[in-house]
Each structure stands twice: as C-alpha cells, then as structure tokens.
Amino acid sequence: MRLDVVTIFPEYLEPLNVSLVGKARARGQLDVRVHDLRAWTHDKHHTVDDTPYGGGPGMVMKPEPWGEALDEIVASGGPEAQPPVLVVPTPSGRPFTQELAVELSLAPWLVFTPARYEGIDRRVIEDYGDRFDVREVSIGDYVLAGGEAPVLVMVEAIARLLPGVLGNAESHRDDSFAPGVMADLLEGPVYTKPPEWRGHEIPEVLVSGHHGRIARWRRDQALARTAANRPDLIERADPEAWDKHDRAA
Ligand code: SAM
C-alpha cells in the first residue's frame, strides 16, 4: 500500500518510522511518502494561509498550494494504476471507525491532507471530489490544532489490518469493533502470567481448558464492559447472533 501525506509539519509524521508502521515500511509492505506543502508555494514567505472570506477569526489554507501538490502527487502514478483515495481529516467529517479502517485498508493508495488553521479552502475538496474518491474523516468529537495526529491515528489503525503486518494474522479478529458477529462489543479484560499477582487471581475459567466456557465467559465480560462504557453500542447489537456464535464455539 502507498500512503502520501501532505503537511506543513513533515516532522510531525516522524512516528511513522517506528513500531508497527516503521517495520511495515522497512519490510516494503508500506510505501510512505511525507511531503512539505510549502514546497508548492511560490512567494518568499512560503505562504499557505490567508484571511477567510466573510470575515471571522482564524486563517484558511489557500487552495493553490494544495491543488499543485495534489496534482503532482496524483500524476506520479500509484500502485496497480489506480487513482488514490483522498482522506481529508476534519472534525466535520464522517467518524473514523473500525469499519472505515477496514474499507480504507483495501485501497492500494491513500493520500492524506492534514490541515492547520481553520482548514482548507472548500474548493480543493470540491475539485478533487469531482474526479476522485474523497473521504472527509473525523477521529472524534473534539477539535485538535491540526490533522497530523489524526493521520497518525488512521494510518496505525489501517496498517495493522494489512496482510502480513501483524505477527499473528488472527490478532485483530477478536478486537473491539472487529467486523463480524461481535462488532458491537468491546473486548473484555485480558490476562497473562503469573496466575496470581498482588493477591489478584486470574479468573479460573481461563485455565479450565474448556473452549466453550471460555468463549461464553469472554462474551459475558465483553457485554458487561460494553454496557458500562458504551451503552449506545448495546442498543444496536444483535443478541441472537451472539447466541448462534456461542453455540458454534
Ligand atoms: N474550524 C474547524 C472546525 O471547527 O471544524 C477546525 C479546524 S482545526 C483547528 C484544524 C485542522 O485540524 C482541521 O482542518 C483538521 O485537519 C484537523 N482536525 C482537528 N480536529 C480533528 C478531528 N477531530 N478529526 C480529524 N481532523 C481534525
């Protein structure tokens, strides 16, 4: 998969060199290219922003550098001769969910446009939206100073879904929000050795060797945690599907 990121703070994307994403890059599973938007400015001060039409506080990112940057990146040609999906981080976008991460992980080429100030002149999104698949995406109901942290969040969620990136391909199967019958449940608690720590013992069922009972216990724990932390998820869940899942376990 190829990922391009256009930003005025390329150094903010340094974490893409470490851990899971860094290793995926080193193995050639991810081709990450970070670009400085100011390279596509033509004035002495490398200006990327201007005052908003209609007045109001803050500055707006100018369309010209974004247009030139994106045109050049798109023209460089991506993998599988496919156009990129343009991912525009914005608090007014569609929520970034595990479902969307899965969908984006299937695209061979993603271009991210993290903004600063009050965001990017709307005409950039309109212009690319006419020709490309453009996704305006929010990572949560709060406002950050820029889109770089949202890009780090999205890239990590997407990268760990790519074949061969996680050591154990099964590891994300039981995650909270993993697609499938348990999609509306958070993952329950997890334990490792030793069996007793500071007087706290692991739940006995986990060493029973009884797979059916363990699966049932995990489901009950997931349900309790979801009810406590995310009651909104319980409301849209399908308990009959869980029962079928339990019987098959
Ligand atoms: N005035 C904008 C609004 O209220 O929607 C907020 C602009 S914010 C200060 C600057 C940039 O940070 C945004 O254009 C976006 O790239 C990024 N950003 C901030 N919060 C975000 C969020 N929750 N999800 C995705 N991107 C976000």
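Q: What's the strand order in the open sheet of five strands?
A: Reading across, the order is S2-S1-S6-S5-S7, and the pairing is parallel. Keep in mind that this is a predicted model.

Q: OK, and which strands sit at the edges?
A: Those are S2 (31-36) and S7 (133-138), each of which pairs on one side only.

Q: How much are neighbouring strands turned against each other?
A: On average by 30°, ignoring direction.

Q: Let's zoom in on S1 and S6. How many bridges do they pair over?
A: Four, in the parallel sense, between S1 (residues 2-7) and S6 (residues 109-112).

Q: And what stands opposite Arg 2?
A: That's Trp 109, in S6.

Q: Which strands does helix H4 touch?
A: H4 (residues 122-129) packs on the sheet and touches S5 (85-95) and S7. The direction of H4 makes about 140° with that of S7.

Q: New topic: how many residues are in the largest nonpolar core?
A: There are 44 residues in that core. Val 87, Leu 110, Met 154 and Val 155 have the most contacts inside it.

Q: Which element gives the most to this core?
A: Helix H5 does, with seven residues. Other elements giving two or more residues include S1, S5, S6, helix H1 (19-26) and helix H2 (63-75).

Q: Back to Val 87. What is it in contact with, leaving aside neighbours within four places in sequence?
A: Val 87 is in contact with Leu 110, Val 111, Phe 112, Arg 135, Val 137 and Met 154.

Q: And what do nonpolar side chains tend to do in soluble globular proteins?
A: They tend to be buried together.

Key: Residues are numbered from 1 along each chain as its sequence is written. This is a predicted model: local features need pLDDT of at least 70, side-chain atom pairs count only at pLDDT 80 or more; totals for chains, interfaces and linings use all residues. Two strands pair if DSSP finds at least two bridges between them. Axes are lines fitted to C-alpha atoms, for helices over the stretch in contact, and angles run from 0 to 180 degrees between N-to-C directions. Two residues are in contact if their C-beta atoms, placed from the backbone, lie within 7 Å. A nonpolar core is a set of buried Ala, Val, Leu, Ile, Met, Phe, Trp, Tyr and Cys residues joined through C-beta atoms within 7 Å. A residue is buried if 20 or more other C-beta atoms lie within 10 Å of its own, exposed if 12 or fewer, and partly exposed in between; C-beta atoms are placed from the backbone.
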